Amino acid sequence: MRFDYYTASIEAKADRVIEHLACSFEQSDITPTTPKNGYERAYNVVRGDSVLARVQWGGNSVGTRVWASASGDRAPAFAAVVRDEFRGHNLLRADVAIDYCEPGAWDSLYALGLETADKFGLKVTHVGDYHREQDGRTLYIGSRTSAAMQRIYEKGKQTGGDPDHVRAELELKPQNAKAKQVYAYASPEQMWMATRWTQHVLKVLTGVDGMQPAPPGTIRQLSDDERALEFMAKQYGNILRRKLEALGGDIESFGLFVAQLVSDK
C-alpha cells in the first residue's frame, strides 16, 4: 500500500519549495513549464525525461500558498519530503494504491467493488475494454466530486505489463480546511479508513478493523460534547500540535498519549 499521487498546498515561498524538492531528489534539475488551472508560474523538478514533481503558484492561489504535486513512483518520496519539511501543508488530494499480481485478481476486486457499491448505495461507472478484455478495464466506485472514490483497474493490461496486475486505488480529496490539515499527517492505511465504505473495503482486503474513520469533510450538527472538544482544541491547540510534532506526527502515538492522560484522571 503506497501513495500513487500526492498534491499539497504549502504556505511558503515558491523558490524555497522548488529548491528543497530539487535538493531532495538526487541528480535533478529545475525546468520551467506551462502553468495550468489558473496559476501564473510553474516549474518541474526533473531527472532526464522524468518529471519528479510539479510546482505552481500565483494567479488563483491564496496568499503565498504554493501548489505542489507528484504522481506514480515519485509520489511516496515526494510525500515524505513535503511532510517532513512543510509540516503545515494542506493535503488537496492523495491516491493510495494496493496492488495485486495473481490470476483472478480482477474478478475478486471487481466483485468486491460491486458488492460495496450496492451495500452503501454508491455510483458505479464502467470504463475500458469490457468486450474483448484485452486493453484493460476500470471500475469506478463513488463520485469523482465526493471526498472519497475508488477505482479498480487492470494496470498490467493498460501499461503492457503483467496482465494479472490489478490495482485497487483510493482517491481521497479532503473537503474542508480541518480535514486537509488532518490528512496531511495520515498514513496510507488511515486514509483508507476515511469513510464507512472504504473502511469496509480495507477490512475485506487486509483484515484491518477496529479503527474509527476520520470524516474527510462532511457537514453535520455538533453535539454538546463535540462543541466542548472544539473549544478545548481552540484553547490548547498550540500545545497539542507541539506534542504531535514531538511525536514525529505519529497520530496513533498521539492518540495513545491523549488516552493515557484521560485514563489517569
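I take strands to be DSSP runs of E, at least two residues in length, numbered from the N terminus. The model I am consulting is predicted.

**Entry 1: two loops**

I looked up N37 and found this residue in the loop between β2 and β3. Its phi is near 55°, which is a positive value in a residue other than glycine. I noted a relative accessibility of 60% for N37; because exposed means over 50%, N37 counts as exposed.

I then turned to Q27, whose place is in the loop between α1 and β2. For Q27, too, I read a phi near 55°, positive although the residue is not glycine. The relative accessible area of Q27 is 71%, and I recorded Q27 as exposed.

**Entry 2: helix α1**

Which residues of α1 are buried? In this helix, which covers residues 14–24, I listed A14, V17, I18, L21 and A22. Viewed down the axis of α1, these buried residues fall within an arc of 125°, so they line one face of the helix.

I next asked what the buried residues of α1 pack against. The partners I found are the strands β1 (2–11), β2 (29–32), β3 (41–47), β4 (50–57) and β5 (65–71), together with the helix α2 (75–85).

**Entry 3: the nonpolar core**

I looked up the largest nonpolar core and found that it has 53 residues. L21, F78 and M191 are the residues with the most contacts inside this core. L21 is also among the buried residues of α1.

For M191, I set aside neighbours within four places in sequence and listed the contacts: F3, R83, L91, A94, V96, L170, L172, Y183 and A186.

How values were computed
Residues numbered from 1 in each chain as written. Predicted model: local features only at pLDDT ≥ 70, side-chain atom pairs only at ≥ 80, totals over all residues. Heavy atoms only, no water. Buried < 20%, exposed > 50% of the residue type's maximum accessible area, 1.4 Å probe, protein only. Helix = DSSP H or I, 4+ residues; strand = E, 2+ residues; numbered from the N terminus. Arc of directions from axis to C-beta. Contact = heavy atoms within 4.5 Å. Core = buried A, V, L, I, M, F, W, Y, C linked by side-chain atoms within 4.5 Å.
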